[in-house]
Amino acid sequence: MTFLLVVALAFAVPLGFRVAPHLRRIGPALWVRARFDPAVHGLPPREELDAHRAGPPLPAYRSKEVTAIAHDAWEGHWQPAAAYVEAAGQKWDERWSRLEVLQQIADRGDTWLHDWLRAEPDDGTAATVHAQLLVHRAWAIRGDGYAHSVPAGRMARFMVQLNAAMDAARTAASLAPEDPGPWVVMVTAARGLRYEHDEFRPLWKELVTRAPHHYTGHRQAMEYWCAKWAGTNKLMMEFAERAAHDVPAGSPLAGIHLHALHELTRRSGLSALPSSPAAKDLLESVARSLNQVPDEDQQVPRLRHLLAHYLVKARRYDAALEQFRLIGPWCGAEPWTKERDPVAAFDLARGIAGTRARKN
């Protein structure tokens with residue numbers, strides 16, 4: 001009798017009766033818990049689900065390396081930081097990731113960075129970190145609210161700081177002409193500075209000439225083309241779909257399409273999701289692409305959460321279940337963290353995928 005009641009709550013909606021929102025949430029959750037045994041589907045048990053992380057922690061050796069670089073920097077020794085970036089060579093995504101580490105270290109204490117800039121005034125890496133730091137601090141001044149909610153004084157300081165970041169990035173580009181990093185900073189600043197399309201496109205061309213598949217470069221450009229900045233939903237989705245179709249093996253670039261879907265649904269709701277067979281096939285193509293990315297890539301865990309979510313919404317349950325198996329027990333990422341109970345939201349989504357998948 002209990003099981004029948006749960007099924008009734010989940011699926012039997014009489015004509016003319018609208019189920020209250022809390023019943024719509026509770027009904028499917030109870031139905032899934034009644035029918036879904038995670039172990040049967042190769043998934044971790046509910047008691048192991050962890051909403052504190054998007055994925056496994058960094059390997060111990062990498063954490064120790066970053067900690068040592070930060071300690072040296074704050075002690076006044078910038079040389080290990082410089083060597084850390086140079087070790088990435090021209091692996092541009094990895095190089096950018098290391099530059100971001102240095103920017104985060106500098107954000108907590110930047111005396112060492114200014115010492116580096118004085119000691120090596122022609123060093124493009126130091127100049128790029130400086131430009132990154134300026135653009136990061138600009139956004140910290142502005143906050144992440146919509147423009148109308150930002151006080152005029154803060155907005156004015158934001159614009160001043162962004163212009164300084166743009167100038168610093170142009171200086172860095174002149175010192176390191178082969179490095180796409182300064183152009184990523186410029187593309188990021190251009191969004192906040194409200195560059196017109198004809199002003200933005202030359203910056204983008206310079207970036208992709210140096211690194212055609214730069215992940216963060218594409219992420220920032222996708223934000224530029226979204227409706228809340230300088231574009232429209234259509235322009236954003238076209239940009240993201242092009243990125244997803246042009247991905248070399250091992251690159252997380254296809255994930256840009258997932259970020260675009262997330263932006264689309266945040267603004268317009270799930271009803272705005274593309275629902276054609278081609279759109280659903282593209283999601284599975286993104287899954288195949290991400291499955292070729294090395295496990296140590298730090299972009300992938302968060303992308304898998306979005307991918308699993310949208311595969312469930314597209315009713316591609318087998319592909320979604322595969323992603324949940326790859327995710328494991330971690331559920332500290334969007335979209336789950338936007339819910340009151342991230343663990344329950346995650347468990348419900350993987351339960352739907354597991355109970356409706358054909359291949360178990």
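This is a predicted model: local features need pLDDT of at least 70, side-chain atom pairs count only at pLDDT 80 or more; totals for chains, interfaces and linings use all residues.
Residues are numbered from 1 along each chain as its sequence is written, and side-chain values use heavy atoms, with hydrogens and water left out.

Rings of Phe, Tyr and Trp (its six-membered ring) were paired if their centres lie within 6.5 Å, with planes under 30 degrees apart counted as stacked, over 60 as edge-to-face and the rest as tilted; by this rule there are eleven aromatic pairs. One of them joins Trp 139 and Phe 158, which are edge-to-face at 5.1 Å centre to centre with 85° between the planes. Because Trp 139 belongs to helix 7 (residues 124-142) and Phe 158 to helix 8 (residues 152-175), this pair ties together parts that are 19 residues apart in sequence; helices here are DSSP runs of H or I with at least four residues, numbered from the N terminus.

The rings of Phe 200 and Tyr 224 are stacked, because their centres are 3.7 Å apart and their planes lie at 5°. This pair links helix 10 (residues 197-210), which holds Phe 200, with helix 11 (residues 215-225), which holds Tyr 224. Phe 200 is buried at a relative accessible area of 0%, where buried means under 20% (1.4 Å probe, protein chains only), and Tyr 224 is buried at 1%.

The charged end of Arg 142 sits over the ring of Phe 158, 5.8 Å from its centre, the criterion being CZ of Arg or NZ of Lys within 6 Å of the ring centre and within 35 degrees of the ring normal.

Note on methods
Helices (H or I, at least four residues) and strands (E, at least two) are DSSP runs, numbered from the N terminus. Buried means under 20% relative accessible area, exposed over 50%, partly exposed in between (1.4 Å probe, protein chains only).
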